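Visitor: I would like to go through this model with you, beginning with the ligand and its surroundings. Could you take me through it step by step?

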Amino acid sequence: MYVAIMGYGVVGSGVATLLKKNHEHIVKKSMQSEMELKYILDRRTFPGDPYEHLLITDFSKIVEDDEVKIVVETMGGLHPAYEYVLASLKAGKNVVTSNKELVAAKGCELLKVADENNVNFLFEASVGGGIPIIRPISQCLAANDIDEIAGILNGTTNFILTKMITDGMTFDEALLLAQKNGYAERDPSADVDGFDACRKICILAALCFGKHVYPDAVYTEGIRKITLADVEYARAWGGVIKLIAKAKKLEDGRVSVMVSPAFIQNHSQLASVDDVFNAILVRGDAIGDVVFYGKGAGKMPTASAVVADVIDCARHMERKKFFGWQDSEEGYVADYLETENTFYIRATTENAAAAVAKFTELFGEISLLSRQDAPEGEFAFTTKSISEKELADKLGLVNEASVESVIRITNY
Ligand code: HSE
């Protein structure tokens, strides 16, 4: 059986390495007589690379080669990955991808095309890198009615927050270190602004609840505004700040999906997930809470998930995986302003007594927090549970203080 890889970057080269390193074992598990890498598509040149002889720049060689039965897409980005994957599926080839942007934007459509062409479209590596999560949700937890998922789905932001919490680094210092370590890109927006985590929670929500969740329908907030003052107040409250992506089924059939920084209590299973690690909590009616933990990114952990899908494709040439993933209608994702939360608020004022009185009048009972060395005029508190809409309306009525930070509080 022949395989082609599209995109010879970090993950693609990891896939080639793993296919060779564990070749015998992979062939055996695939229940094939052979498993050979035939092409690697990439515009760049790799002089001296052990697979230099397999490198091509022309996609048509892959799509027109009947011997290639499995195409691995590790290019990233939407274009031309989408066009190449679509053409591969239409040509009757199984496709395995690690590309969360592609699956989040086009997963439903590509699964339909795969179905029409009697091939598999698998994407275990698109969420959580090497952590098994797609297969456990769609197979191992299939008997459950899952009503909620929440997780730390981005390693880079978790690394940055960990450095802020444990080493007292500012956001800028921690971002610089993440870039030096090769976690964050030179343009770190996809990670620090929450878009990467958003794509991943969209994929998980579609799998758990059966309908496509489009990323642009999801309220997404990153971690750029988090300061060391917020970290200190979280500590005083008894927890830490994490970037949480969550999705919940609502009683009326819609879903609530959101990505934002959140206070998490120290005893939560998610609170001790540090550095570049990811963790995903799935809440099912039979299983209760189950947490998947591990390396959410990186060359070999992600290649591990990709090659597992390649093996799965090889074993199930005649049988398709069913994900039960349909398209969704307008309004399927509820407006985030309807969501209820408790909130942490940090503000500055020239008249603390008046400001606290105003917040108390607006929010009812509030719980004040304190931290060492707080500058004159700074104060922070947590609210009772209110909707995002109510919160925004009430904050609009405050003239006695300047609100510097608002962070959601979770109960995971
Ligand atoms: N940039 C991502 C992360 C890599 O930091 O988690 C995997 O999606």
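Visitor: How do the residues of the shell around the ligand divide into nonpolar, polar and charged?

Guide: Bear in mind throughout that this is a predicted model. The ligand is surrounded by K100, N154, G155, T156, D191, D196, K200, G296 and A297. Sorted by class, the residues of this shell come to one nonpolar, four polar and four charged.

Visitor: Which elements give two or more residues to the shell around the ligand, and where does the ligand sit?

Guide: As to its place, the ligand sits in the largest pocket. The elements that contribute two or more residues to the shell around it are helix 7 (155-167) and helix 10 (195-209).

Visitor: What distance separates a polar side-chain atom of T156 from an oxygen atom of the ligand, and what share of the exposed area of the ligand does the protein bury?

Guide: A polar side-chain atom of N154 lies 3.5 Å from an oxygen atom of the ligand, while for K100 the corresponding distance to a ligand oxygen is 2.6 Å. For T156, a polar side-chain atom is placed 2.6 Å from an oxygen atom of the ligand. Taken alone, the ligand exposes 260 Å², and the part of that area buried by the protein is 82%.

Visitor: Why is the pair of F159 and Y183 classed as it is?

Guide: A pair of aromatic rings is described by the distance of the centres and the angle of the planes. The count for the model comes to 16 aromatic pairs. In the pair of F159 and Y183 the centres are 4.9 Å apart and the planes stand at 65°, which is over the 60 degrees required, so the pair is edge-to-face.

Visitor: Which parts of the chain does this pair link?

Guide: The two residues are 24 apart and belong to distant parts of the chain. F159 is in helix 7, whereas Y183 is in the loop between helix 8 (171-180) and helix 9 (189-192).

Visitor: Is the peptide bond from H79 to P80 cis or trans?

Guide: P80 has its place in the loop between strand 4 (68-73) and helix 4 (81-90). The bond that leads from H79 to P80 has omega near 5°, and its form is cis.

Visitor: What is the phi of N118, and where is this residue found?

Guide: N118 is found in the loop between helix 5 (100-116) and strand 6 (121-122). Although N118 is not a glycine, its phi is positive, at about 60°.

Key. Residues are numbered from 1 along each chain as its sequence is written. This is a predicted model: local features need pLDDT of at least 70, side-chain atom pairs count only at pLDDT 80 or more; totals for chains, interfaces and linings use all residues. Side-chain values use heavy atoms; hydrogens and water are left out. A residue is near a molecule or strand if one of its heavy atoms lies within 4 Å of it. A polar contact is a pair of N or O atoms within 3.5 Å; within protein, one must be able to donate a hydrogen and the other to accept it, and residues adjacent in sequence count only if both atoms are side-chain atoms. Accessible areas come from the Shrake-Rupley method with a 1.4 Å probe; for residues, only the protein chains shown count as cover. On a 1 Å grid over the protein atoms alone, a cavity is a set of points where a 1.4 Å probe fits but cannot get out, and a pocket is an open set with protein on both sides within 12 Å along at least five of seven lines; lining residues have an atom within 4 Å of a point. A molecule sits in a cavity or pocket if more than half of its atoms lie within 2 Å of its grid points. Helices (H or I, at least four residues) and strands (E, at least two) are DSSP runs, numbered from the N terminus. Ala, Val, Leu, Ile, Met, Phe, Trp, Tyr, Cys and Pro count as nonpolar, Asp, Glu, Lys and Arg as charged, and the others, Gly among them, as polar. Rings of Phe, Tyr and Trp (its six-membered ring) pair if their centres lie within 6.5 Å; planes under 30 degrees apart count as stacked, over 60 as edge-to-face and the rest as tilted.
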